[in-house]
Amino acid sequence: MDVLIVDDDAVTRLALSAALEEWSFVPILAENGDQALKKLEADNAPHLLVIDWSMPGMSGPELCKTIRKREDGQFFYILMLTGKEGNEAIIEAMEAGADDFLSKPFDHRVLKVRIAAGSRIVRLEQTLNQLASRDALTQCWNRRMIDELFTNSIAESTRKRSAFSIMVLDIDHFKAVNDTYGHAAGDVALKHVVNILNTNLREYDQVGRYGGEEFVILLPSTDVNEAWGVAERVRSAIQFQPTVLNDDTKVDMTVSIGIAQFNRSRDINQNAFFERADKALYTAKQSGRNRIIC
Ligand code: GH3
Ligand code: MG
Ligand code: MG
Ligand code: MG
């Protein structure tokens with residue numbers, strides 16, 4: 001687990017890095033509050049922080065307050081490690097948002113157990129996030145999360161004036177897969193479809209399970225022609241790569257896909273945009289399945 005060390009004193013940074021490495025953590029270093037805030041912007045930002053109090057520029061408590069004001073709901077565990085001591089300092093640090101407080105010079109064994117306590121909370125928070133945002137069967141985004149990402153993608157496309165397309169994908173006659181091979185095999189087939197999606201999409205495309213065997217795929221910076229190309233790649237990959245249950249049993253499947261490109265003047269809201277892709281999916285089903293309609 002990564003740990004962000006924020007301290008203006010190079011010797012302290014070095015000593016803390018060495019200790020954290022010894023305890024199998026990965027130290028990330030910042031010399032002041034601004035550098036720390038930049039490190040927290042990264043996609044895989046550290047969530048366990050050891051922060052000094054007195055630093056040029058932003059103080060430790062000010063940094064805590066700034067981190068707690070973030071609106072993205074991310075949780076950071078903050079241990080304030082400071083030359084200050086006594087109840088007043090503890091109260092001020094924890095009122096500013098610190099989760100724990102330790103005075104310098106510190107006992108290495110005490111720091112070790114405090115960091116261990118913090119990492120337990122960070123891990124718990126990661127588990128909760130995972131449960132709240134991922135589909136338990138396929139590990140793609142769940143409906144709540146894909147809806148949130150959908151909203152963000154529309155905002156981003158509006159802000160950057162960039163193209164944005166979506167795909168709504170539904171497995172054809174999936175009920176027959178369950179009826180023929182059993183529900184457990186159906187589950188394996190669903191995971192297989194998500195694997196195919198993940199291998200055929202770009203890193204910044206997002207896959208969400210919208211219902212039983214229906215998926216929504218967000219394609220940022222993609223116009224409808226490019227979306228068609230992606231959809232065709234996915235459609236044929238699913239048709240020609242059956243789910244292998246065992247040596248003698250392969251489950252053939254096809255999918256129908258509706259696609260739409262976001263149109264700022266035509267789509268009055270997210271729902272209207274989604275409806276266009278969903279209607280296209282309906283048309284794909286009506287006109288024989290195993291096809292793409294936009
Ligand atoms: P269509 O081509 O019109 O989409 O037909 P379909 O059979 O795929 O559609 P229908 O909506 O009639 O059936 C969907 C099936 O998906 C029924 C349901 O049992 C199955 N299903 C939904 N969620 C799961 C799941 O988590 N696991 C399994 N194994 N099956 C599921
Ligand atoms: Mg200092
Ligand atoms: Mg279906
Ligand atoms: Mg369906």
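Is Asp 52 buried or exposed? The close-up views below, taken from a predicted model, start with this residue.

View 1. Asp 52 is buried, because 26 other C-beta atoms lie within 10 Å, and 20 or more count as buried. The residue is found in a loop. An unreviewed UniProt entry annotates Asp 52 as "modified residue: 4-aspartylphosphate".

**View 2. The shell around ligand 1.** Ligand 1 has 16 residues around it. Asp 172, Phe 174, Lys 175, Gly 186 and Gly 212 come nearest. By type, the shell divides into seven charged, five polar and four nonpolar residues.

**View 3. Elements that build the shell.** Three elements each supply at least two residues of the shell around ligand 1: strand E6 (164-171), helix H7 (174-181) and helix H8 (183-200). H8 gives the most, with four residues.

View 4. Strand E7 (residues 206-211) and strand E8 (residues 214-220) run antiparallel. Five bridges join them. In one pairing, Val 207 has Ile 217 of E8 as its bridge partner. A hairpin of two residues connects E7 to E8.

**View 5. Strand E7 within the structure.** Five of the six residues of E7 are buried, so the strand is largely enclosed by the rest of the structure.

Key: Residues numbered from 1 in each chain as written. Chains lettered and ligands numbered in written order. Predicted model: local features only at pLDDT ≥ 70, side-chain atom pairs only at ≥ 80, totals over all residues. Near = placed C-beta within 6 Å. Nonpolar A, V, L, I, M, F, W, Y, C, P; charged D, E, K, R; others polar. UniProt positions renumbered as here; feature names shortened; annotations may be inferred. Buried ≥ 20, exposed ≤ 12 C-beta atoms within 10 Å, placed from the backbone. Pairing = 2+ DSSP bridges.
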